[in-house]
Amino acid sequence: MQVTETLNEGLKRGYTITVTAAELDAKVDEKLKEAQPSVEMKGFRKGKVPMALLRKQFGQRLMGESMQESIDGALSSHLEETGDRPAAQPQMKMMDENWKEGDDIVVDVSYEKLPEIDAVDFKKIKLERMVVKADEASVKEALDNLAASPQAVSYEPKKTQAKKDDQVVLDFVGKVDGEPFEGGAAEDYPLVLGSNSFIPGFEDGLLKVKAGDEKDVEVTFPEDYQAENLAGKKAVFTCTIKEVKGPKKPDLDDELAKKFGAEDLEGLKSQITERLEAEYSGASRAVAKRGLLDALDNAVSFDLPASLVDAEAGQIAHQLWHDDNPDVQGHDHPEITPTEDHIKLAERRVKLGLLLADIGQKADVKVSDQEMTQAIMNQARQYPGQERQFFEFVQQNAEFRQQLQAPLFEDKVVDHIFEQADVTDKEVSKDDLQKAVEKLEEE
């Protein structure tokens, strides 16, 4: 078996792997001898089938297996010897398309290897981390929002006309073409106007009603309504208004706190403070992470595998095109050519991705099974009622598991660098932090 270099240019590598006919024949014989003791064939005792007959019966199939194993083994040995790590699956092509048994096998192998990356002195990286404390005004604003939420608001009868945010208690019967339909009637139904809990037009039709009124509300069911027999149909709802109630904002007291699971108002304030500061901390980390990535981008330089950059640029261009053309759901569209900006962004992403992966590997950063399980459970919550199917999908889909693991790994590597970098905390206002976050979103 022989490996000959044919290309060594930047990160690109090319080789020919030659497996002689004798080597291949010997490997087939080895497989036949290994299988011979367990082979049964009519006219022969188990394990006594002649090699010549075995070769005639199974040789062709084993030849293909032996070819693949020989080439894979040669490539694996070569990569181990050189230390090359291919950026993508190496491309292989047989040189002789008319190969026949008895000929040597010559395979052309090409790949781009991952670059060698110099170690980064994290202590030289200087970062500023924004710290925001939850002030009284922010806590009060959050309390007011809780007090105005449906969970906290109560309603009391009023004699004036119903307006937005009022609650109307009514009986109604809906009809299509003069005939009642299933699910179209209710009694003593409490409906908050403006909640958008009914089909479009229904709640607007009840504005200005008063207790004791009777009113027909005409609506049209949406074309995509879940009940196909009603989709796109016009309906008339005969409504009897029993009560009109106005919202009553609760007092900021212990009773309100208990509605949200706290023992008293001070306990609720403490919970709100913790939640706000956790939100501020998450936003601050995002800003600091961007600063870290910018610093790493400037600190190192190495050759990038063109295949990875091209693939990333194509993906960026494709995603942005679909963002600009949301009506096109499939991929039946003109070819999308990445721009210079797409390529520049792709180069940064590939560079930082390779760098963080290299740092994580050298630092032996691992994503634990517990962390993966938590990430899977967090994703499963987005599919209520279908959690079991989601877990089965994750179990069977290695690529999706990798997509879940990648951001966890990246965050752990970033934390690893933060621990060693020169990070200074700076207390700022909520507005300053908000401006920094908005700046991130603009870039």
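Good morning. Arg 290, Leu 293, Asp 294, Leu 296 and Asp 297 of helix α5 meet Arg 348, Lys 351, Leu 352, Leu 355 and Leu 356 of helix α7, where contact means heavy atoms within 4.5 Å. By class, this contact of α5 with α7 comprises five nonpolar, no polar and five charged residues. Here Ala, Val, Leu, Ile, Met, Phe, Trp, Tyr, Cys and Pro count as nonpolar, Asp, Glu, Lys and Arg as charged, and the others, Gly among them, as polar.

Before I continue, a word on the source. This is a predicted model, in which local features need pLDDT of at least 70 and side-chain atom pairs count only at pLDDT 80 or more, while totals for chains, interfaces and linings use all residues. Residues are numbered from 1 along each chain as its sequence is written, and side-chain values use heavy atoms, with hydrogens and water left out.

Let me return to the two helices. Two packed helices are described by the angle between their axes and the distance between the axes. Helix α5 covers residues 265-299 and helix α7 covers residues 340-362; they pack at an angle of about 95°, with their axes 10 Å apart. The axes are lines fitted to C-alpha atoms, for helices over the stretch in contact, and angles run from 0 to 180 degrees between N-to-C directions. Helices (H or I, at least four residues) and strands (E, at least two) are DSSP runs, numbered from the N terminus. α5 and α7 are therefore roughly perpendicular to each other, a term for angles of 65 to 115 degrees; under 35 counts as roughly parallel, over 145 as roughly antiparallel and the rest as oblique.

Lys 289 also belongs to helix α5. With a relative accessible area of 16%, Lys 289 is buried; buried means under 20% relative accessible area, exposed over 50%, and partly exposed in between (1.4 Å probe, protein chains only). Not counting residues up to four places away in sequence, Lys 289 touches Glu 410, Asp 411, Val 414 and Phe 418. Between Lys 289 and Asp 415 there are 9.1 Å in space, C-alpha to C-alpha, and they are 126 residues apart in sequence.

We turn to the largest pocket. Its volume is about 1200 Å³. On a 1 Å grid over the protein atoms alone, a pocket is an open set of points with protein on both sides within 12 Å along at least five of seven lines, whereas a cavity is a set of points where a 1.4 Å probe fits but cannot get out; lining residues have an atom within 4 Å of a point. Grid points are joined across faces, edges and corners, and a volume is the space filled by probe spheres set on the points. Of the 26 lining residues, Arg 349, Leu 352, Gly 353, Ala 406 and Glu 410 are the closest to the centre of the pocket. Helices α5, α6 (306-324), α7 and α10 (398-420) each supply at least two residues of this lining. By class, the lining has 13 nonpolar, five polar and eight charged residues.

Next, two further helix residues. Ser 138 lies in helix α3, residues 136-147, and counts as buried at 7% relative accessibility. Leaving out residues up to four places away in sequence, Ser 138 touches Leu 276, Tyr 280 and Lys 430. Ser 138 and Leu 276 are 138 residues apart in sequence, yet 8.3 Å apart in space, C-alpha to C-alpha. Met 372, in helix α8, is buried at 12% relative accessibility. Beyond its neighbours within four places in sequence, Met 372 is in contact with Val 367, Arg 401, Leu 404, Gln 405 and Leu 408.

Finally, the backbone in two loops. Most residues other than glycine have a negative phi, and most peptide bonds are trans. Asn 196, in the loop between β8 (179-192) and β9 (214-220), has a positive phi, near 60°. At 68% relative accessibility, Asn 196 counts as exposed. Asp 364, in the loop between α7 and α8 (369-380), has a positive phi of about 55° although it is not a glycine. Asp 364 is exposed as well, with a relative accessible area of 53%. Thank you for your attention.
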